[in-house]
Amino acid sequence: MTDTKLVAVIGAGTMGHGIAQVSARHGYNVCLYDIDLGIVERGLDRIRGNLNKGISLGKVTPEERENALDRITLSSELGMTVGSADFVIEAVSEQIDVKQQIFRHVEANAPAHALLASNTSSLSIARIAAAMRDPSRLIGLHFFNPVHIMTLVEVVCGPDTSDETRDLGLAFAHSLGKDPIVVRDSPGFASSRLGLVLGLEAMRMVEEGVAKPNDIDKAMELGYRHPMGPLKLTDLVGLDVRLNIAEYLFQALGSEAFRPPEILKAMVEAGKLGKKSGQGFYDWTEEGS
């Protein structure tokens, strides 16, 4: 599907640099954008680190690493980034107004044939698309962290998303070696809604002293064959991210299952955000964590 097509990735953070890496590894040219070139360069450094680790594990050759890196260009100018793109993937913070502003700009500058997609994990595609002249062009492509390892992509169709846009999103996900599922635009989609309930209940169990985080995680890993327990996953995703999603789903669905536990709010307030801060339900400063 590539034919040297160009993928514009808006946001060079955790998800954005991962999407850029996978796209480049599968033969696409990539333009990676963020508001500051320093942020983009840090994203590229993380891509290089991932590829170097792949070499050490025997999963990537040095030639493949160099080919992927050669396909990536960096940008801090949004209009230039999307001006000739075939696929535009937004991966910025989960703030509806920020995403709406981005897609107003993208729609005005990207080619008419370009796929426009948001990597949102929970926000309404319809609400994001409300800022666009043609909401049929927008779709959700919810990748999972780490993008170069996780195979699932949720293809989220808003009420106005066209069949053509859906099919293009599915084809793009398949071209990256992903295994997509199609879900209707509803709060939390499928994965965030189910995964968050499990994570929040695990936090309540820690609050109540039912068991230590490691033992709660082990219960799901060994008892239900989950590859990672819900609390360690929360640390990887970021406690602040989980809190934002919980607050949104609690408001949107009105279910007590999504009410943020006090332990989550307290840890975020204390700056214990998980792996990225070094401390969450686990101590990530310890070797081997």
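Tutor: Helices are DSSP runs of at least four residues and strands are runs of at least two, numbered from the N terminus. Counted that way, this predicted model has 12 helices and 8 strands.

Student: How do you know that the protein agrees with a compact globule of 289 residues?

Tutor: The rule is 2.2 Å times the number of residues to the power 0.38. For 289 residues that gives a radius of gyration near 19 Å, and the protein has 19 Å, so the two agree. The C-alpha atoms fill a box of roughly 55 × 45 × 35 Å along the principal axes.

Student: What makes Phe189 buried or exposed?

Tutor: Buried means under 20% relative accessible area. Phe189 has 5%, so it is buried. Phe189 sits in the loop between strand E8 (179-184) and helix H8 (191-207). Across the protein, buried residues make up 48% of the 289.

Student: Which class does Arg225 fall into, with 77% relative accessibility?

Tutor: The cut-off for exposed is over 50%. At 77%, Arg225 therefore counts as exposed. Its loop lies between helix H9 (213-223) and helix H10 (230-237).

Student: Why is Asn29 called partly exposed?

Tutor: Asn29 has a relative accessible area of 31%, so it is partly exposed. Asn29 belongs to strand E2 (residues 29-33). Leaving out residues up to four places away in sequence, Asn29 touches Thr4, Lys5, Leu6, Val7 and Arg71.

Student: What is the phi of Phe189 and of Arg225?

Tutor: Most residues other than glycine have a negative phi, and most peptide bonds are trans. Phe189 has a positive phi of about 55° although it is not a glycine, and Arg225 has a positive phi near 60°.

Student: What kind of peptide bond joins Asn145 and Pro146?

Tutor: That bond is cis, with omega about -5°. Pro146 lies in the loop between strand E6 (138-142) and strand E7 (152-157).

Terms used
Residues numbered from 1 in each chain as written. Predicted model: local features only at pLDDT ≥ 70, side-chain atom pairs only at ≥ 80, totals over all residues. Heavy atoms only, no water. Buried < 20%, exposed > 50% of the residue type's maximum accessible area, 1.4 Å probe, protein only. Contact = heavy atoms within 4.5 Å.
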